[in-house]
Structure formats: C-alpha cells, structure tokens
Amino acid sequence: ELVDALGQRLRTSLDSCFVSAFDQRHERQGAVDACLRSYSVLQWVVHAEEVVREHIIRPFLQKVVTVNALEAGHTGTTDGLLGIYSAVMDFVRSVCRPLAARAEQQ
C-alpha cells in the first residue's frame, strides 16, 4: 500500500510538472524533456499519453471545435469547418509533431 501510494504521489507530481513545463515549453524545453525521460524510465509511457490527451489535446479541441466556430456567424451552416480544420492542422504541426519527436528521442 505504501509503495502504491508513493507511486501515485510521484505520478501526480510528474504529471503536474509535465503540464506546467509544457505550458511554458518555449522557456522550459529541458523540463519537458526531463519529464518525458522520467515517464520512459518509469515505464509510464501509456500514462504520459493519457496526460497529453487530457491536459493538452482535449483543452485545445474544446476551445477550437465549437458550434460557433463551425457556423462562423451563419447559424445552421458549416461555414467555419475549414477554419477548424486549419487550426487543428496547425496544432498538429506546431505542437503534436514536435512533442512526438521529442518523446521518440527519450
């Protein structure tokens, strides 16, 4: 029980550190790399993927993929679909690809 509790505490701290470092990734890329290495060493890669999904990708999608964005000011239309697509592709190009590349290096 104690080992499980310590493991959970470590995981929570690592998650918090990773999300914080990621939010400031331009200034703290070394911290992002250290967190990715830690996930790898601890064999928590699947958990790291969950953290990325829940704390990085999901908030972005919730902000970008909305009915208002889809309608682009024209109720009942999909006039904003191209804008949503562009935003998602920019996010993949500028955030997801570099993060995946850094993770593969760890």
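## Stop by stop through the rings and sulfurs

Select Tyr39 to begin: its relative accessibility is 1%, so this residue counts as buried. Keep in mind along the way that you are looking at a predicted model.

With centres counted as paired within 6.5 Å, the model holds three aromatic pairs.

Start with the rings of Phe18 and Phe22: their centres are 6.3 Å apart and their planes meet at 40°, so this pair is tilted. Colour helix H1, residues 2-23, and you will find both Phe18 and Phe22 on it, four residues apart, or about one turn of the helix. Phe18 and Phe22 are both buried.

Now turn to the rings of Phe18 and Tyr39. How far apart are their centres, and at what angle are their planes? The centres are 5.8 Å apart and the planes stand at 85°, so the pair is edge-to-face. Show helix H2, residues 29-41, beside helix H1: Tyr39 lies in H2 and Phe18 in H1, so the pair ties together parts that are 21 residues apart in sequence.

Stay with Phe22 for a moment and display Arg25. Arg25 lies over the face of Phe22, 4.3 Å from the ring centre. For another arrangement of this kind, jump to Trp44 and show Arg11: the charged end of Arg11 sits over the Trp44 ring, 4.5 Å from its centre.

The last stop is the cysteines. How many disulfides does a search of the whole structure find? The search finds zero. Select Cys35 and Cys17 together: the sulfur of Cys17 is the nearest cysteine sulfur to that of Cys35, at 3.5 Å, and Cys35 is in no disulfide. The cut-off that matters at this step is 2.5 Å between the sulfur atoms. Cys35 is buried, with a relative accessible area of 3%.

Terms used. Residues numbered from 1 in each chain as written. Predicted model: local features only at pLDDT ≥ 70, side-chain atom pairs only at ≥ 80, totals over all residues. Heavy atoms only, no water. Phe/Tyr/Trp six-rings, centres within 6.5 Å; stacked < 30°, edge-to-face > 60°. Helix = DSSP H or I, 4+ residues; strand = E, 2+ residues; numbered from the N terminus. Buried < 20%, exposed > 50% of the residue type's maximum accessible area, 1.4 Å probe, protein only. Lys NZ or Arg CZ within 6 Å of the ring centre and 35° of its normal.
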